[in-house]
Amino acid sequence: MDLGKDLVAASATPLVLAILAEGDSYGYAIIKRVAELSGGHLQWTDGMLYPVLHRLERQGYVTAKWGMSENRRRRKYYHISKLGRAQLEIQRQQWQVVDKTLRSMWMKAQTA
Amino acid sequence: MTNSADHASLEAQIAQWREYVRRRRAFNGPDVEELEDHLRDQVAALTENGLVDDEAFLVAVRRMGNLDALSREFAREHSERLWKQLVMMPDVGDKTAQATRTESLVVLGLAVAAALAVRIPALFGLQLHGGDEPFFVRNASLFVLPLLAGFFAWKRGVEVASYVWLALPFAVAAVFANVFPFSPASDTQVLTALHLPIALWLVVGIAYAGGRWFAGGRRMDFVRFSGELLIYYVLIALGGGVLTAITLMTFASIEVDAAWLAEDWLIPCGAAGAVIVGSWLVEAKQTVIENMAPVLTRLFTPLFTVVLLAFLATMAWTGSPINVEREVLIGFDLLLALVIGLVLYAQSARDPEAPPGLFDVLQLLLVASALAVDAIALAAITARISEFGFTPNRVAALGENLVLLVNLAGSAWLCARFLQNRSSFAALERWQVAYLPVYSVWAAFVVIVFPPLFGYR
């Protein structure tokens with residue numbers, strides 16, 4: 001099952017922030033984690049993650065710094081900021097509202 | 001599983017991909033590095049799952065996504081990168097970094113030298129203010145242009161012998177600018193001051209072309225360079241004007257008169273140094289930023305055409321003749337020079353292969369109306385020339401008018417033929433650049449022959 005483009009775009013921010021809330025990470029690992037969490041249903045075009053990360057950085061939700069990977073390559077690590085955590089909380093509440101609304105609709109549809 | 005030959009080919013593929021991504025303006029250095037790190041992780045994971053390097057690379061690149069779409073996303077996030085930035089220093093580690101640094105130092109040295117050259121006469125008691133102004137006005141171009149020619153000779157790597165040939169005209173110019181016993185407030189002296197830079201600009205052009213003026217397309221490049229330099233110079237001069245005003249204002253506020261600083265140092269030294277710095281900027285940015293002169297020509301060609309046509313129509317309607325005043329001939333000289341400039345810079349940016357278009361028609365109309373206006377003015381002036389008598393200014397202005405008229409008439413003829421598809425655009429361009437030295441030769445003639453001819457009046 002492939003998700004629509006708009007839905008993928010909309011869910012990108014809370015997903016990335018939620019993954020970073022688990023601990024600092026970098027692009028490739030974030031993509032892998034998303035695939036893992038969604039059971040492979042959420043397929044991102046790999047490159048598209050980076051403009052999202054850069055936007056979050058500009059908005060101040062994450063900070064980035066260059067570090068070293070285990071095989072001695074330069075790698076950019078992202079870290080969620082205080083502002084980012086607050087934003088994650090807001091997004092979580094918003095998505096819960098959407099989820100709850102849809103859920104009640106579908107419950108009705110099933111019982112009808 | 002991965003032998004070293006296979007690995008080398010993977011590295012080559014990644015390097016190729018990196019270069020490909022780098023060429024897009026939406027990605028900067030760190031972005032490319034970040035994406036490359038991702039690509040390598042992906043390749044490593046895929047080979048672990050049993051793919052060979054080549055396959056892993058292809059899959060990883062595919063998963064990275066369409067590069068057009070990706071660079072659109074990056075551009076949306078980093079819109080500032082779409083503005084072409086004039087960066088003087090290349091990326092660290094670039095092989096050309098050393099060369100650029102050397103060039104910056106040479107330019108800085110030459111700019112300072114030009115600025116100080118203006119002050120050298122002061123060591124010999126010649127003051128910018130206090131009776132020696134004519135000396136400075138006559139020699140203005142000699143303070144800067146030799147250094148500019150030297151810069152281009154150095155940059156193009158001409159042979160040592162060529163330096164001598166380039167220096168010769170400047171030496172001759174210095175002699176003719178200074179040996180004549182000009183009478184005070186003499187007209188021929190002013191003519192020398194005005195014509196010497198035009199004559200010497202050709203020498204700068206020869207240096208610009210690396211000593212090979214007649215070889216290939218360098219002459220049109222020099223035309224482009226001259227136009228851009230003019231625009232840059234005006235911009236720098238505007239900045240300099242603000243700097244001067246601020247200097248005077250701030251010092252005046254503590255009741256110190258800084259006029260001497262502005263008049264003896266800031267303005268003359270800045271004006272000289274700005275020529276070198278402006279030239280360097282034009283050289284450095286030619287591949288980075290859109291040329292401005294052709295843009296201005298596109299804007300003003302239609303407007304000037306309309307004005308000239310309206311002028312002709314009004315004159316025909318009212319029947320009033322051109323009032324031949326003292327300055328009128330010089331005014332029409334300027335008009336012709338301007339029209340030539342408009343034609344030249346429109347040509348400099350035109351694709352020679354393109355078929356005739358609406359803009360070419362417009363240009364022919366502009367040239368034709370300028371020719372008509374000038375012919376009327378010239379007729380009015382020659383009719384009354386006996387009344388005026390021959391003064392140096394009038395002869396010079398008349399000569400210039402003739403030189404410009406020949407150039408424009410030739411352009412109009414070739415432009416008309418081009419529009420009828422009977423001649424190529426290249427012929428028109430050849431005519432324009434071939435004619436350029438005529439201006440300098442005429443200017444040199446004015447400098448050398450006029451003062452004795454008119455008795456240093």
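Of the 112 residues in chain A, 23% are buried, a label given when 20 or more other C-beta atoms lie within 10 Å of a residue's own, with exposed standing for 12 or fewer, partly exposed for the range in between, and C-beta atoms placed from the backbone. The structure is a predicted model, in which local features need pLDDT of at least 70 and side-chain atom pairs count only at pLDDT 80 or more, while totals for chains, interfaces and linings use all residues. Residues are numbered from 1 along each chain as its sequence is written, chains are lettered from A, and ligands are numbered from 1 in the order in which they are written.

Helices (H or I, at least four residues) and strands (E, at least two) are DSSP runs, numbered from the N terminus. The C-alpha trace of chain A spans about 60 × 30 × 20 Å along its principal axes. Among the contacts in chain A with a separation of 6 or more, 49% join residues 24 or more positions apart; two residues are in contact if their C-beta atoms, placed from the backbone, lie within 7 Å.

Where the two chains meet, 14 residues from chain A face 15 residues from chain B. On the chain A side, helix 2 (27-37), helix 3 (49-59) and strand 2 (74-80) each supply at least two residues. Helix 3 of chain A gives the most to this side, with four residues. Sorted by class, the side of chain A that touches chain B holds four nonpolar, four polar and six charged residues. Here Ala, Val, Leu, Ile, Met, Phe, Trp, Tyr, Cys and Pro count as nonpolar, Asp, Glu, Lys and Arg as charged, and the others, Gly among them, as polar.

Attention now turns to helix packing in chain B. Two packed helices are described by the angle between their axes and the distance between the axes. The axes are lines fitted to C-alpha atoms, for helices over the stretch in contact, and angles run from 0 to 180 degrees between N-to-C directions. Helix 7 (residues 133-156) and helix 9 (residues 187-208) of chain B have axes that come within 9 Å and cross at roughly 0°. Helix 7 of chain B is therefore roughly parallel to helix 9 of chain B, since angles under 35 degrees count as roughly parallel, over 145 as roughly antiparallel, 65 to 115 as roughly perpendicular and the rest as oblique. Residues making this contact include B:L145, B:L148, B:A149 and B:F152 of helix 7 and B:L196, B:L200, B:V203 and B:V204 of helix 9. By class, the contact has 16 nonpolar, three polar and one charged residues.

Helix 7 of chain B also packs with helix 8 (residues 160-179) of chain B, at an angle of about 180° and with the axes 10 Å apart. These two helices of chain B, helix 7 and helix 8, are therefore roughly antiparallel to each other. Among the residues involved are B:L142, B:P146 and B:A149 of helix 7 and B:L166, B:F170 and B:A173 of helix 8. This contact of helix 7 with helix 8 has ten nonpolar, two polar and one charged residues.

The nonpolar cores come next; such a core is a set of buried Ala, Val, Leu, Ile, Met, Phe, Trp, Tyr and Cys residues joined through C-beta atoms within 7 Å. The largest nonpolar core has 75 residues, of which B:A114, B:L148, B:V204 and B:I276 touch the most other members. Helix 9 of chain B gives the most to this core, with eleven residues. Leaving aside residues up to four places away in sequence, B:V204 touches B:L145, B:L148, B:A149 and B:F152.

Some individual positions of chain B complete the account. B:E255 has a positive phi of about 60° although it is not a glycine. B:E255 sits in the loop between helix 10 (218-253) and helix 11 (259-285) of chain B, and is exposed, with 6 other C-beta atoms within 10 Å. B:N421, likewise not a glycine, has a positive phi of about 65°. The place of B:N421 is the loop between helix 16 (392-419) and helix 17 (425-453) of chain B, and with 9 C-beta neighbours inside 10 Å it counts as exposed. B:L338 belongs to helix 13 (residues 328-348) of chain B and is partly exposed, with 14 other C-beta atoms within 10 Å.
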